[in-house]
Amino acid sequence: MDTTGPVRIFLNRILPWLIAAAFIVLVQYVEGWARVLAAWREISWLTALGALLLVFASYAVRAQRLYLHFRPALAGHWLGCLKLMLYHNFLNNLLPLRTGEVSFPVLMGRYFGVEARASVPALLWFRVLDLHSLLAYGVLVFGGFYLGWRGGAALLGLWLVVPIPLVRLRDRLLGLFERLSPGRVRGALTALVETVPARFGDVLWVWLLSALNWGLKLYAFALILVDLLGVGAAQGWMGALGGDLTSALPIHSAAGLGTYEAGVVAGMALLGVAPGEALRGAVNLHLFLLVAMGLGALLGSFLPRPAMAVKGKV
């Protein structure tokens, strides 16, 4: 009996919602939603507003990264890049199993006429830069907490040089792929490597924008956790980092409910925060994230569509 179909349906359509529902029940059983949400009565609204502005600044940096990577094709369409990133961020966080990632090539084609064979490798390249940037902050904070900031900075320096040899090997990899038999594998590998800029200066700028994007976002989330729980800055950063690293998980529930909180709790636990306390912060941080991305999508609906956009409703 072939169970591929039922298993796939369960993993893709049922399991994400089961995780979300189980998480809602778990929070009620462990802490109680009333107690968890009561934490917002104590938080400084100045902190919340500042964090929200930092998150929106990170969205603008992401738009600039997209604009820079695809120049000159997107010249004069920065607002269109911002609109695309706001919608993509909303869908990517809301839909289970990262199915929202599909919106990126769809919107790139609809807004700018960029084909999927160019936009999909670019998205993969962005995700590599995102993961490297996130881990860089993790190395710095985790290393600094246990080894002192000099030790953390030394570990960070070692981590930052990792991509340099890979960029230098770009042309050699392309030459190697040309020897492969023509087909989808060769085409996919070639497209992925070709999306890496040939000039190291261009790679550096896109990476710096990636690092700035995550620095702003993690700082905003750390502010929320520190204010909500009264923990140290390093613990707040690790919690924010743990939550965002869940984006790399193969299983991602609807709106990230449960999986995001698990990442926040795990990150803070590494620096000694009790799971029950971390859970209160994680739930409220996730609510803040959902509100921020919802407001971002609302803002995106008011931004003009690029003049080159093909007909469509988005």
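Q: A crossing is left-handed if the near helix is turned anticlockwise from the far one by less than a right angle, and right-handed if clockwise; which hand does the crossing of α4 and α5 have?
A: In this predicted model, where local features need pLDDT of at least 70, side-chain atom pairs count only at pLDDT 80 or more, and totals for chains, interfaces and linings use all residues, the crossing of α4 and α5 is right-handed. Residues are numbered from 1 along each chain as its sequence is written, and side-chain values use heavy atoms, with hydrogens and water left out.

Q: What makes α4 and α5 roughly antiparallel to each other?
A: The axes of helix α4 (residues 78-94) and helix α5 (residues 103-112) come within 10 Å and cross at roughly 155°, where axes are lines fitted to C-alpha atoms, for helices over the stretch in contact, and angles run from 0 to 180 degrees between N-to-C directions. Angles under 35 degrees count as roughly parallel, over 145 as roughly antiparallel, 65 to 115 as roughly perpendicular and the rest as oblique, and α4 and α5 are therefore roughly antiparallel. On the α4 side the contact (heavy atoms within 4.5 Å) is made by Gly80, Cys81, Lys83, Leu84, Met85, Tyr87, His88 and Leu91, and on the α5 side by Ser103, Phe104, Leu107, Met108, Tyr111 and Phe112. By class, 10 of these residues are nonpolar, three polar and one charged, given that Ala, Val, Leu, Ile, Met, Phe, Trp, Tyr, Cys and Pro count as nonpolar, Asp, Glu, Lys and Arg as charged, and the others, Gly among them, as polar.

Q: Why is α5 described as largely enclosed by the rest of the structure?
A: Buried means under 20% relative accessible area, exposed over 50%, and partly exposed in between (1.4 Å probe, protein chains only); seven of the 10 residues of α5 are buried, so this helix is largely enclosed. The buried residues are Ser103, Phe104, Pro105, Leu107, Met108, Tyr111 and Phe112, and they pack against α3 (45-69), α4 and α6 (116-160). Just after α5, Gly113 takes a positive phi of about 70°.

Q: What makes α10 oblique to α13?
A: Helix α10 and helix α13 (residues 275-302) pack at an angle of about 135°, with their axes 9 Å apart, and that angle makes the pair oblique. Their crossing is right-handed. Lys217, Phe221, Ile224, Leu225, Leu228 and Leu229 in α10 meet Glu277, Ala278, Arg280, Gly281, Ala282, Asn284, Leu285, Phe288 and Leu289 in α13, a contact with 10 nonpolar, two polar and three charged residues.

Q: Why are α3 and α13 called oblique to each other?
A: The axes of α3 and α13 come within 11 Å and cross at roughly 55°, an angle for which the two helices are therefore classed as oblique. The crossing is right-handed, and the contact joins Ala48, Ala51, Leu52, Val55, Phe56 and Tyr59 of α3 with Phe288, Ala292, Met293, Leu295, Gly296 and Leu299 of α13. Here 11 residues are nonpolar, one is polar and none is charged.

Q: Which residues touch the most other members of the largest nonpolar core?
A: A nonpolar core is a set of buried Ala, Val, Leu, Ile, Met, Phe, Trp, Tyr and Cys residues joined through side-chain atoms within 4.5 Å; among the 74 residues of the largest one, Leu66, Leu84 and Phe221 touch the most other members. Helix α10 (residues 200-229) supplies the largest share of this core, 15 residues. Not counting residues up to four places away in sequence, Phe221 touches Val55, Ala240, Asp244, Tyr260, Leu285, Phe288 and Leu289.

Q: How many helices and strands are there in the protein?
A: There are 13 helices and zero strands, where helices (H or I, at least four residues) and strands (E, at least two) are DSSP runs numbered from the N terminus. Buried residues make up 47% of the 314 residues.

Notes
A crossing is left-handed if the near helix is turned anticlockwise from the far one by less than a right angle, and right-handed if clockwise.
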